[in-house]
Amino acid sequence: MREVFITTVTEALDADPRVALVLADISADRFTAVAARHPDRVINVGIREQLMIGVAGGLALTGLRPVVHTYTPFLLERPFEQVKLDLGHQDVGAVLVSIGGSYDAPEAGRTHMAPGDVALLDTLPGWTVHVPGHQDEVPDLLRSALASDERVYLRLSSRGNAAARPVGQGMVVVRAGSARSLGVVVAVGPMLDRVLAATEGVDVTVAYLATVRPFDRAGLNRIVAAAGRADVMVVEPYLAGTSAPEVAVALEDRRHRQRSLGVSRETEVRAYGTTADHDRLHGLDVPGIAAAVRSFFAA
């Protein structure tokens with residue numbers, strides 16, 4: 001996903017004089033050539049993440065379309081006040097593009113982990129959030145973001161699904177259950193393949209979602225109605241329960257049960273380990289998801 005992002009932004013910088021790129025050292029070496037062609041629109045502020053967002057806000061005020069890129073915690077958590085004020089309060093747009101997901105680089109330690117990023121953005125109004133599950137989904141999502149003036153967060157991961165799925169269409173059914181299915185499992189972005197494996201042989205409808213904000217409330221309601229049972233599990237690659245309020249609103253017209261799977265809110269993993277270790281500890285590997293599916297839908 002990172003490589004596709006670099007290619008797509010480079011093409012946009014060459015084609016559209018409105019596009020600008022703001023970096024804080026991360027990935028700066030990958031933009032050396034395009035920076036030489038457009039030194040006024042490729043800006044590396046060094047390891048100054050608050051300044052990075054402030055510069056993006058200033059560029060947006062002049063009419064440019066800034067793309068801001070670094071690791072997740074340095075993009076949202078460290079400069080959150082600037083995200084809130086220099087973009088949101090000024091009512092200007094930018095495209096924030098993160099790498100690292102929740103824990104894609106565990107060898108770098110907790111400083112490079114940010115499972116609470118989407119939940120944090122949920123405290124601010126007016127953000128569109130994309131969580132692609134395959135590298136081929138990135139260009140369309142990014143180009144649509146560049147063509148707008150909105151505040152957009154594109155959450156990239158080093159892991160993904162085996163195949164791209166439709167994006168820009170809200171919630172998409174990947175595998176439909178029977179007329180007497182047990183309910184619906186919503187897989188967000190890179191969680192889809194694991195959800196499909198974990199629900200193999202279980203009579204549930206599996207739906208895919210790559211744009212999580214605004215949440216496709218109408219789509220979920222429609223899929224639940226077709227499934228015939230309003231039991232919903234959401235499997236997200238970030239903090240568990242981040243989308244629980246959205247599910248509640250989407251299904252407020254019907255009695256329903258819901259279960260949230262994601263990075264644990266009760267446990268902070270302090271060992272470095274591997275991504276597979278973290279998946280297992282948070283119950284986000286195939287066996288963990290399968291156990292949660294059996295427990296929830298059996299109830």
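The protein chain holds 12 helices and 12 strands, taken as DSSP runs (H or I of at least four residues for helices, E of at least two for strands) and numbered from the N terminus. This is a predicted model, in which local features need pLDDT of at least 70, side-chain atom pairs count only at pLDDT 80 or more, and totals for chains, interfaces and linings use all residues. Residues are numbered from 1 along each chain as its sequence is written, and side-chain values use heavy atoms, with hydrogens and water left out.

**Overall shape and surface**

- The radius of gyration of the protein chain is 19 Å, which agrees with the value near 19 Å for a compact globule of 299 residues; the radius is taken over C-alpha atoms, and the globule rule is 2.2 Å times the number of residues to the power 0.38.
- Along its principal axes, the C-alpha trace spans about 60 × 40 × 30 Å.
- Of the 299 residues, 57% count as buried; buried means under 20% relative accessible area, exposed over 50%, and partly exposed in between, with a 1.4 Å probe and protein chains only.
- The accessible surface comes to about 12,400 Å², and 52% of it belongs to carbon and sulfur atoms (Shrake-Rupley method with a 1.4 Å probe; for residues, only the protein chains shown count as cover).
- The chain has 30 positive and 35 negative charges, whose mean positions are 5 Å apart. Here Lys and Arg count as positive and Asp and Glu as negative, while His and the chain ends are not counted; the place of a charge is NZ of Lys, CZ of Arg, CG of Asp or CD of Glu.
- Among contacts between residues at least 6 apart in sequence, 74% join residues at least 24 apart, where contact means heavy atoms within 4.5 Å.

**Nonpolar cores**

- The largest nonpolar core has 54 residues, and F5, V67, M233 and V235 have the most contacts inside it. Such a core is a set of buried Ala, Val, Leu, Ile, Met, Phe, Trp, Tyr and Cys residues joined through side-chain atoms within 4.5 Å.
- Apart from this core lies another, of 44 residues, with L121, V131, V232 and L251 among them.
- In soluble globular proteins, nonpolar side chains tend to be buried together.
- Not counting residues up to four places away in sequence, M233 touches V184, V185, V186, R259, L261, A292, V293, F296 and F297.
- V9 sits in helix α1 (residues 2-15) and is buried, because its relative accessible area is 0%.
- Beyond residues up to four places away in sequence, V9 touches L21, F31, V67 and L142. Its C-alpha atom is 25 Å from that of M191, 182 residues apart along the chain.

**The pair S98 and R155**

- S98 belongs to strand β4 (residues 94-99), and R155 to strand β6 (residues 151-155).
- Both residues are under cover: S98 counts as buried at 0% relative accessibility, and R155 counts as buried at 4%.
- S98 and R155 are 57 residues apart in sequence, yet 5.2 Å apart in space, C-alpha to C-alpha.
- Leaving aside neighbours within four places in sequence, S98 is in contact with T70, T72, L75, Y153, L154, R155 and L156.
- With residues up to four places away again not counted, the contacts of R155 include S98, D117, V118, H130, V131, P132 and Y238.

**Loops and backbone details**

- A210 is in the loop between β9 (205-209) and β10 (211-213); with a relative accessible area of 3%, A210 is buried.
- A210 touches V129, H130, V131, P132, E137 and V167, not counting residues up to four places away in sequence.
- R213 and P214 are joined by a cis peptide bond, with omega about -5 degrees; P214 lies in the loop between β10 and α9 (217-227).
- In the loop between β1 (19-23) and α2 (32-37) is D25, which has a positive phi of about 75 degrees although it is not a glycine.
- S27 is found in the loop between β1 and α2, and its phi is near 70 degrees, a positive value in a residue other than glycine.
- What sets D25 and S27 apart is cover: D25 counts as partly exposed at 38% relative accessibility, whereas S27 is buried, with a relative accessible area of 4%.
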